[in-house]
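Walk through this fold one piece at a time. Keep the sequence beside the picture and find each part as it is named.

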Amino acid sequence: MSVQRYLLIVILSVVTLASFAAALQGYKASRERLTQIFDEEMKSFALALMNSPIKLGGQQTTLPSTFAYQVFDNNSLLLKSNNAPDKAMTTNNQGFVDDNFLNKRWRVFVLVNSNIKVIVAQAIEQRVESVEHVLLEAILPIVYVIPIIGLVVFVAINRSLKPLSLLSKQLKQKNVNDLTPVKVNENSAELKPIEQTLNLLLERLDNAFEREKRLSADAAHELRTPISVLKITAHNLSVAYQANNISQQHIDELNDNTLRMAHVIEQIITLNRTTPENFSQNTALVDLRELLQKVISDNYEKVDKVGQSIALNAKATPFYGDAFSLEILFDNLIKNANKYSGDNSQIMISINTTAQRIEVIVEDSGIGISPDKLDKVFQRFYRIKQHAETGSGLGLSIVKHIVDLHHGEIALTQSPLGGLSVSLIFPQNINRGAGHVEEH
């Protein structure tokens, strides 16, 4: 059953039941009130007969009336209506009583004064008809207005549920590839959260599908070269084996290409893991200095192997972010500095803080990057040809992606040391972050 039909049935049922309940209550109240009015009218009529000179006319006098009445003087009938019997209508001596005569049920009132007795009676059937008439006059307008109420309710429900119907129609028309946002055109405060939630879900699905396509494209693009090289290396090894001429160069070439493929795969997986959803679920309070110390320690062997020096100039810097992705960010920057700055170079890392922002600078004394290529290095798979070292072209793309997740900015300039300077600027969020940590 649709919501519209359900609401219409419920509302009309409630209105109808309420109307009949009101009618029943009105019937009871009207009956009681009319009984009092009729009793007062009978009493007034009896008093009028008691004090009327017409009672002296004798028992032969009869007058038409809606009431049945009798006037007795010492049990002698002086006066009666044409619908009253000749004998007393009741044996009651005073007040009101219900009695039967002439095959009907009557409401009887007896008034006695000295030797004069006045008896007034009214058919109960007449009273009931009067009550039913009054009730019918009161109920008929309600009965007539129920269909009008039903029509008004139908129009109101139909208009109120129109945004929901439009939303339902939009959702039904969507196919598996349609992830465009839905729109509630009508004013509906209740549906706005649903619209926002659905659009957020559709956006997340679209982003997830886009990341999946991009991951597939990245993997296909980047793995093609090392796989081809590995095939060539395997062929060369096979030829060398047949000629019994395998050298260390063949082994080193195979090892280098295997490491390159492993690095590419690791970078692609890393880029896919650092999604907005993972980021929002794993954010916590971290110390940037402590995180940098760990990354430097992990890379120190490579740095020392080529005679480079690395220094960290920072104090404890609390920051609210994702430790995993920040570690990847710093690891990529330090690895890039280690790989591209050359032997016996200098790597300097510093943290500068203000009330509004945190700036992390990673710079080296290498040959740097020419100014015309600075904007291109953030593109996926873009490689600087001026370096002898080869890479996947994903490192700085991953760095920028992680910086964007933390609502930061990244800038590449020439370092005073002579090489590349990478400046990461993050908003100071320690107060907001600490409050969030306390909630958990």
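Leucine 285 lies in strand β7 (residues 283-287). Helices (H or I, at least four residues) and strands (E, at least two) are DSSP runs, numbered from the N terminus. The model is predicted, so local features need pLDDT of at least 70 and side-chain atom pairs count only at pLDDT 80 or more, while totals for chains, interfaces and linings use all residues. Residues are numbered from 1 along each chain as its sequence is written, and side-chain values use heavy atoms, with hydrogens and water left out.

Buried means under 20% relative accessible area, exposed means over 50%, and partly exposed lies in between (1.4 Å probe, protein chains only).

Now look across from leucine 285. Its bridge partner in β9 is tyrosine 320. The strands β7 and β9 pair in the antiparallel sense over five bridges. Two strands pair if DSSP finds at least two bridges between them. The C-alpha atoms of leucine 285 and glycine 321 are separated by 6.4 Å, yet these residues are 36 apart along the chain. Strand β9 (residues 318-322) has four of its five residues buried, so it is largely enclosed by the rest of the structure.

Next comes a sheet. Five strands form an open sheet in the order β8-β10-β11-β13-β12, with mixed pairing. At the edges stand β8 (309-313) and β12 (409-414), each with a single partner strand, so one side of each is left without a neighbour in the sheet. Neighbouring strands of this sheet are turned by 15° against each other on average, direction ignored. Inside the sheet, β11 (residues 357-364) and β13 (residues 420-427) pair in the antiparallel sense over seven bridges. Find isoleucine 358: it stands opposite phenylalanine 426 in β13. In a regular strand the side chains alternate between the two faces of the sheet.

Which strands does helix α7 touch? Helix α7 (residues 288-305) packs on the sheet and touches β8, β10 (346-353) and β11. Contact means heavy atoms within 4.5 Å. The direction of α7 makes about 175° with that of β8. Axes are lines fitted to C-alpha atoms, for helices over the stretch in contact, and angles run from 0 to 180 degrees between N-to-C directions. Helix α8 (residues 323-340) lies across β8, β10, β11 and β13. It runs at about 165° to β13.

The two helices also meet each other. The axes of α7 and α8 are 9 Å apart, and the helices pack at an angle of about 40°. They are therefore oblique to each other. Angles under 35 degrees count as roughly parallel, over 145 as roughly antiparallel, 65 to 115 as roughly perpendicular and the rest as oblique. The crossing of α7 and α8 is right-handed. A crossing is left-handed if the near helix is turned anticlockwise from the far one by less than a right angle, and right-handed if clockwise. Among the residues that meet here are Leu291 and Val295 in α7, and Leu326 and Phe330 in α8.

Now go back to the start of the chain. Helix α1 (residues 3-50) has 48 residues. From its first C-alpha to its last it reaches 69 Å, close to the 70 Å expected at 1.5 Å a residue. That expected span is 1.5 Å times one less than the number of residues. The buried residues of α1 include Leu34, Phe38 and Met42. What covers the buried residues of α1 includes β2 (68-73), β3 (76-81) and α2 (124-160). The axes of α1 and α2 come within 9 Å and cross at roughly 160°. That makes α1 roughly antiparallel to α2. Their crossing is right-handed.

One loop deserves a look. Leucine 102 sits in the loop between β4 and β5, and its phi is near 55°, a positive value in a residue other than glycine. Leucine 102 is partly exposed, at 49% relative accessible area. Asparagine 103 lies in the loop between β4 and β5. Asparagine 103 has a positive phi of about 60°, although it is not a glycine. At 85% relative accessibility, asparagine 103 counts as exposed.

Finally, step back to the whole chain. Its secondary structure comes to 10 helices and 13 strands. Of its 440 residues, 37% count as buried.
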